[in-house]
Structures are given as structure tokens and as C-alpha cells.
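I am opening a notebook page for a structure I have not looked at before. I will write down each thing I look up, in the order I come to it.

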Amino acid sequence: MKKKEKTTFRKIEYRKKESLYLIVRGLEVGIVSGLISSLYRFLLQNAETLLMKASQFAKGSAVKCVIWFAVLALMGVIVARIIKWEPMASGSGIPQVSGEIKGVLTQNWLKVIAAKLLGGTMSILGGLSLGREGPSIQLGAMAGKGIAKITKADKTSELRMISCGGGAGLAAAFNAPLSGVMFILEEIHKTIDRNIICMGIVACVTADFISKMFFGQENVFAYETENIPLKNYWLLIILGIILGMAGCIYNIVMSKGQDLFKKGKRIPSEIKMTAVFILGGIAAIFIPEITGGGHAMVTLLTDKKPAVSILIFLLLAKFFFSVISFGSGAPGGIFFPLLILGTYIGAIYANVCIAFFNIDENLWQEFVVISMAGIFASIVRAPLTGIILVFEMTGSLESLLPLAVVSLISYAVANLIGVKPIYETLLEKIVAADPQKPEFHDTDEKILKTYVIPVGSPLRRKTVSSIDWGKHCLIVSIERDDVSITPKGDTILKEGDELIILISQRHFSQDNARLEKIISGESKE
């Protein structure tokens with residue numbers, strides 16, 4: 001080990017005493033992630049504006065149409081080659097971030113940022129139905145990784161900075177700092193880590209502040225919500241069930257769409273991508289509402305309140321075009337488009353309820369709002385993030401109880417059906433397509449990871465020595481009721497204990513997955 005490097009244990013001791021380290025790191029991550037995510041948001045906004053001008057330019061003239069579609073074909077070829085140059089920049093980016101945190105993927109932070117900025121902007125300019133939020137999470141995460149690499153941070157800090165950078169990217173995209181923190185814990189880490197919370201809050205708040213400096217403090221959704229009478233809550237139960245089933249259908253079709261696009265390997269990817277871009281150009285001319293993330297669909301919904309027939313048409317058109325756009329592998333996410341689908345399901349359901357159950361017409365927007373959280377909970381399987389996200393986007397606390405009811409029901413229904421969460425499915429596909437293990441540097445440094453023993457875990461009431469933790473793992477501390485306990489062989493584990501474990505960097509992906517299964521009860525020990 002080099003003289004300049006501190007030993008792993010000295011780093012642990014230093015971090016325990018100096019929470020300032022986490023705050024400074026959070027500021028670094030928040031500033032850079034916020035700037036890059038804001039740049040991406042700016043580029044996409046201008047790309048959407050340019051797309052509308054280009055589609056208007058092409059209308060009514062065969063010559064102009066030929067020119068515009070030639071440009072679209074060229075962009076399709078360029079994007080396909082960008083994906084070949086940096087495959088990790090394809091799609092949403094959230095599965096790639098999750099995979100890096102789990103130790104099953106490695107990303108070149110600089111190439112990903114460059115490819116995502118250019119490829120994502122061209123995809124929106126080409127009219128594809130993709131969102132900015134997933135890519136913003138990946139851009140933020142790669143910004144965090146870049147800072148870690150430049151400052152030569154240890155691997156534990158690097159993983160934390162990647163996680164917090166992802167949350168900061170979400171915060172900047174939605175002006176939703178609390179959602180950014182919750183997304184880190186619920187979707188990326190799936191556990192509570194006090195160090196992550198500390199660094200994440202600083203990073204997300206900082207990124208949100210930077211984003212608001214450029215784009216203002218207005219809420220993403222300007223909805224006026226009303227309180228739903230308790231006597232009508234049975235309608236929320238039905239809505240939750242509908243959204244739970246709809247989320248499962250979405251996950252299945254989206255996965256099949258990717259599989260279908262990957263078939264026909266004899267067809268060059270440039271030709272496939274060009275076809276998708278041409279379709280995007282056609283959509284921009286005839287149904288511009290379904291292009292991009294879906295902001296035009298939100299405006300249409302709030303300003304004109306279309307008839308049910310139009311709502312159903314736009315819902316289906318947006319859904320299937322999103323499947324095609326995302327299935328192509330073009331840089332862009334499904335985060336915001338899936339929320340838009342939720343709003344339209346809610347609008348259709350509200351119209352039915354008003355017509356047949358005589359509910360107050362003013363509750364129409366309430367159903368629209370809570371359906372966003374419900375569809376998010378069923379598709380992503382992160383109900384708390386969905387609830388907080390919708391609250392921050394609308395700026396209203398009045399919908400909190402209905403949000404919780406619909407989200408938890410849709411979450412439960414999706415779990416009962418048994419369809420995997422979308423980002424988990426996408427990660428499995430990425431790993432299966434490229435099974436190579438991440439290359440780590442030749443170092444003896446360990447990664448420090450926190451695990452929480454959940455209620456019902458088979459580890460409760462067992463002694464430390466009775467568990468096979470693995471030869472590459474070492475429990476260095478147990479946090480219980482804000483007290484650090486030095487683990488011994490006869491130490492009895494309890495529910496709620498935070499286990500701080502050192503894991504060999506070379507074996508991190510395997511040991512991390514095994515420990516998660518042991519602690520959750522999926523693996524018998």
C-alpha cells in the first residue's frame with residue numbers, strides 16, 4: 001500500500017469523528033451534479049422547442065419534409081454510433097447506476113456524460129418519447145464518480161458519491177430534493193445508511209438550489225387539489241388496483257419491447273435507430289403531444305380537459321411510442337413519461353367516476369395527481385419516493401393521505417402479481433448482455449457497507465459467530481440505539497441493528513448480494 005494512502009481502519013475512525021467530511025463531499029457532488037443536470041435540462045428544453053419549429057417547417061411541403069427526414073436519419077445514425085461508442089449511455093441510466101453500486105457494472109464517467117448529453121439531446125430533437133429524469137440521475141451519479149476519481153477518494157466514498165450524485169440529479173430535474181434523498185435510500189441502496197443520508201441531503205439540496213437559480217422555483221405540476229371525502233375512498237382502492245395492474249402490464253410490455261428490438265441482429269443498429277427517428281419525426285408532425293417527456297400532454301390535460309376518447313387515444317399512443325423509443329436503446333428515460341401515463345389513467349378514471357358515481361367535478365385534478373404516485377409505485381416499486389415526489393412537484397400536502405392509499409395498494413397489487421420492478425429487470429438485461437466483471441485496481445482497500453436488520457429477519461436473536469459472513473467480510477461495528485457496539489462472537493443481533501461491514505473490493509458484488517440475501521431471509525444461514 002502506498003505511503004500516502006491511509007489504512008482502511010484509519011479512514012473509518014476519521015469518518016466517525018468528522019461528519020464535516022460528508023458535508024464537504026455532499027457540497028462538491030451537489031454543485032457539479034446540479035450544474036451538469038441543469039445543462040442537460042437546458043439542452044432538452046431547447047431541443048423540444050427546435051423540434052416543434054422543425055416539424056412546422058416540414059408541414060405542407062414535400063421538399064421540406066425530405067430535408068427534415070434526411071436530418072432525422074442522420075441523427076439516428078449518429079445516436080446509434082454513440083451507443084456503440086459508450087453502451088452504458090443507452091436507455092435510462094438508472095439501472096447502470098444501481099449496477100455500479102451493487103458492484104456488477106463499471107462505467108467510464110467521462111464517456112457516459114459526453115454520450116448522454118449529446119445522445120439524449122439528439123433523441124429529444126428527433127421526437128422520441130423519452131424523459132430527462134433518468135438520464136439526469138445517471139449524469140449526476142457520473143459527476144459524483146468523476147469528483148471521486150479526480151480527488152482520489154477511497155472506494156467507499158466513491159460509491160457514496162455516485163449514489164448521492166444520482167439523487168442530486170433527480171433533485172435538479174424535478175426541483176425535488178427530498179425525493180432525491182428518498183430515491184437513493186429506497187431504490188438505489190434499499191437500506192438506511194446515516195452517512196448516505198448526511199451526504200445525500202447536502203448534495204440534493206445543493207443541486208436543487210442550483211437548478212432553481214436557472215429555471216425558477218415554480219412547481220413542475222400546477223394542479224389545484226381538493227380533499228376527497230372519506231365516503232369516496234372506496235374509489236381510491238379501485239384506482240390503486242387498476243394502477244397496480246397497469247404498472248405490471250407496463251413492465252412486461254416495456255421489457256418485451258427491448259427484446260423485440262434486439263432481435264434481427266443482421267439488421268444494423270444504425271438502420272433500426274434511423275427508423276425510430278423517422279417515426280419520431282412523423283409523430284412530431286401529426287401527434288406532437290406524444291413526443292419528448294410529455295410536458296405537452298400535461299399542458300393539454302390541464303388547459304383543455306380533453307374528452308375521454310382523446311384521453312384514451314393519447315394514453316395508448318404515448319405508451320406504445322414510449323415502448324418503441326425506449327426499446328431502441330436511445331439515451332433517454334421512462335421516468336417522466338410513466339408519470340404522464342399515470343396522469344392520463346387518473347383523468348380517464350376521474351371522468352368515469354364523475355359520470356357514474358356523481359362525485360364532485362372539482363376532484364378531477366385530485367385523481368390525476370394521485371395516479372402519478374400510484375403508477376410510479378407499481379412500476380418502480382418505490383412507493384415512498386413516489387409519494388414524496390408528487391408532493392414536491394405539486395407543492396400540496398392536502399393529497400398526502402390519498403397518495404398513500406393509492407400508492408400502497410398499487411404497490412401491493414404489483415407485488416402480488418409478481419412482475420419484477422422495471423429497473424431491476426433492466427439491470428438484469430444489461431448484466432446478461434455484458435457479463436464481464438468490473439475491473440478493480442490492485443489494492444487491498446475494503447469497501448465499507450451498512451446493512452440494517454429488518455423486522456422478521458432470520459438473523460434476529462442470533463449470535464455473530466453463528467452466521468457465515470464469508471471470509472472476505474468483517475463486521476467492524478453494530479449501531480444500536482445510537483450506540484456503537486464492538487461486535488464479538490457472542491453478540492446477539494437484534495431487529496433494527498445497523499451492521500457496518502468491511503467487504504473485499506475484489507469480491508464486493510458477490511459478497512454484497514449474498515449478505516443482502518442472508519439479512520433479508522432469502523438465503524438460509
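Which residue just after H10 takes a positive phi? I looked there first, keeping in mind that the model is predicted, and found that Gly-264 has a positive phi of about 70 degrees. I then went back to helix H10 itself, which covers residues 233–262 and so counts 30 residues. From its first C-alpha to its last, H10 reaches 44 Å, close to the 44 Å expected at 1.5 Å a residue.

I compared its radius of gyration with the rule for a compact globule: 525 residues would give a value near 24 Å, and the protein has 24 Å, which agrees. Its C-alpha atoms fill a box of roughly 75 × 55 × 45 Å along the principal axes. I also recorded that 57% of the 525 residues count as buried, and that residues 24 or more positions apart account for 82% of the contacts with a separation of 6 or more.

Last, I followed Phe-367 and, leaving aside neighbours within four places in sequence, found it in contact with residues including Leu-235, Leu-236, Leu-239, Tyr-349 and Ile-359.

Terms used. Residues numbered from 1 in each chain as written. Predicted model: local features only at pLDDT ≥ 70, side-chain atom pairs only at ≥ 80, totals over all residues. Heavy atoms only, no water. Contact = heavy atoms within 4.5 Å. Helix = DSSP H or I, 4+ residues; strand = E, 2+ residues; numbered from the N terminus. Expected span 1.5 Å × (residues − 1). Rg over C-alpha atoms; globule rule 2.2 N^0.38 Å. Buried < 20%, exposed > 50% of the residue type's maximum accessible area, 1.4 Å probe, protein only.
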